[in-house]
Amino acid sequence: MRTGKEWIEAIPYIGPSLIVLGIIAVFPILYAMAGSLSDWHLHRASSRTLVGLRNYFELFGDPRFLSSLSVTLLFTALSVLATMVFGFLLALLIQKPFRGKNLIRALLTIPMIMTPVVSALAWKVFFFEADIGLINWLLGGLGIRGPAWVATSPSAFFAVVLVDVWFMTPFVMLIMDAALAGLPREPLDAAKIDGATYWQRVSHVIIPMIRGTIVFTLIFRITIDYRMFDIIYIMTAGGPAFDTQVLSIWVYNTALRTFEIGYANAGAVVMMFIIGTVCLAILIFGLRKVGERVWSK
Amino acid sequence: MVEVTHLRRRKKASPTRLFIASLRYGAIMIAVFIAVFPLFWIILASFKRAADLTQLPPAVFFSPTLDNYVTVVRERFFMFFQNSVIITVASVLLSIGLGVPAAYGLSRFSLSNKKVIMFFVLSVRFVPYIVFGLPLFLIMVNLGLVGTRGGVTFVYILINLPIIIWLMKSFFDDIPTDIDEAAAVDGATRFQTFRMVILPCAGAGIACVTILSFIFAWNEYLFALILSGRNAQTLTVGLTRFLGGMETGVRWGLLSAWSVAVTMPVVAIALLVHKYLREGFTRQSW
């Protein structure tokens, strides 16, 4: 059997990676699943009892978990939508060659490259600060008294979304820019000759042609926002009240602040299954028309 | 020649065209301003004295000082810096050492379950980090690895290995298999072909994955926060000390100087080797 022999030859190349991923990726997930079935508190280590699916039943009656879930979904939806739109527009904007394009493009990627913890702190202490922050100072010039952005509801949520949009728009821009630059000229020229306006060309020619890229970018963007921890944790730590407590922060707090390990693990497992389902659904529905391009290689 | 094209372009420039062009440049400039301003502002702030930092309207012209940087060094900056460098470099080298051969194997061997493996590797990237973070913390507590650089380093492989495998496979796929066959005809073994023929062709790919994984590891916060204990804290974890409690308040100057020091290496990489960075980011979503 040819593939059998190939496998034996391939194992020295692929094996080590698979073993390492088994240790640091698969085993922890199984460990979390096992832990989610028990009543397990870190501060009373002896009393770890098996309770079956009770943690899961409790989760879906827990208003704090459910609110975290909805905060996460809203955060993800808003900022994915905004970054997709802004990133795409920005990519269109820089399509025509102009002097200094490479430098401009490099500068535009800085938000995505800067250490997220640093960005979050810069926005929090220099821009969103209530009394001496730049935003409230500018608003003051217009005669508006700005809120204590990251400390009050509902502005904290929008502040966090804003910083995430700032952080991730360059990511979409880079990918869209490459996709646009790689498009064949003929369909666009043909549409132009037929009298299509610029925006008609964008929506009827360009967008359908880069559909595969859009679907993949969407999945990457959704998974990145869905798991977002650092920016939100630094800016608000999940507050005020529980306004910005996304699922990652919920798991972190439940496990490492109140030490309910079993319960936190159950939440983490639910979190994983939700994103898995969403990604699969997008892949299946989004790529049906694009064909097997990705897997056929 | 230059003159001619210049004239030709000038002739076409109607007022509406000029208007649209200037709108475009205006929009690009605004975008650049928004992208760069936070970095510019913390660099500025890192050279300010305490009085200049809290002043309104904000001071743009002031007499600069290096005091913040001096104090930051006294706040054991280099201990954190050392942790960050060791953990980042070690995890990048390990991930590349593991990932590049794996990508070669997945690109060149005809394996029956290749798609399954590629999908498994990709799906690791879609799992939220906290789902790994919590059990890894519990496991590492049992093994006594929390607070060690080795533990954090090993976990950082998780962030970068899947990216490296996917990216490098796409680079290897771009190298024609004729080359392998020619090497085989000359009597090279598969490993010799990989090491002496294919690897040298994949230099750009290696540069891409090295840069990307360096950035991701250097910027990481969640795993470092959970796993680094007291002794292996990285620069990102150390930064939050300057947010202060109720009594000290935010130590603006130190925060800024530390931030600049953390973020400069990655920003420098991003600007100096932007080509590879772009290639890396755009390929990974294909």
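User: Which domains does the domain assignment give for chain B?
Analyst: This is a predicted model, in which local features need pLDDT of at least 70 and side-chain atom pairs count only at pLDDT 80 or more, while totals for chains, interfaces and linings use all residues. Residues are numbered from 1 along each chain as its sequence is written, and chains are lettered from A and ligands numbered from 1 in the order in which they are written. With bounds that come from an automatic or database domain assignment, chain B is given domain 1 (2–67) and domain 2 (69–283).

User: Which helix gives the most to the side of domain 1 of chain B that touches domain 2 of chain B?
Analyst: Two residues are in contact if their C-beta atoms, placed from the backbone, lie within 7 Å, and 10 residues of domain 1 of chain B meet 10 residues of domain 2 of chain B in this way. Helices are DSSP runs (H or I, at least four residues), as strands are (E, at least two), numbered from the N terminus, and both helix H2 (15–46) and helix H3 (50–53) of chain B supply at least two residues of that side of domain 1. The helix that gives the most, with 5 residues, is H2(B).

User: How many nonpolar residues does the side of chain B that touches chain A have?
Analyst: The contact takes 71 residues from chain B and 74 residues from chain A, and the largest share of the chain B side, 12 residues, comes from H2(B). In the classes used here, Ala, Val, Leu, Ile, Met, Phe, Trp, Tyr, Cys and Pro count as nonpolar, Asp, Glu, Lys and Arg as charged, and the others, Gly among them, as polar. The chain B side has 5 charged and 13 polar residues, and its nonpolar residues number 53.

User: At roughly what angle do the axes of helix H5 and helix H8 of chain B cross?
Analyst: Axes are lines fitted to C-alpha atoms, for helices over the stretch in contact, and angles run from 0 to 180 degrees between N-to-C directions. The contact of H5(B) with H8(B) divides into 20 nonpolar, 7 polar and 4 charged residues. The axes of helix H5 (residues 77–108) and helix H8 (residues 149–174) of chain B come within 6 Å, and they cross at roughly 35°.

User: What is the radius of gyration of chain B?
Analyst: The radius of gyration is taken over C-alpha atoms, and the globule rule is 2.2 Å times the number of residues to the power 0.38. A compact globule of 286 residues would have a value near 19 Å, whereas chain B has 25 Å.
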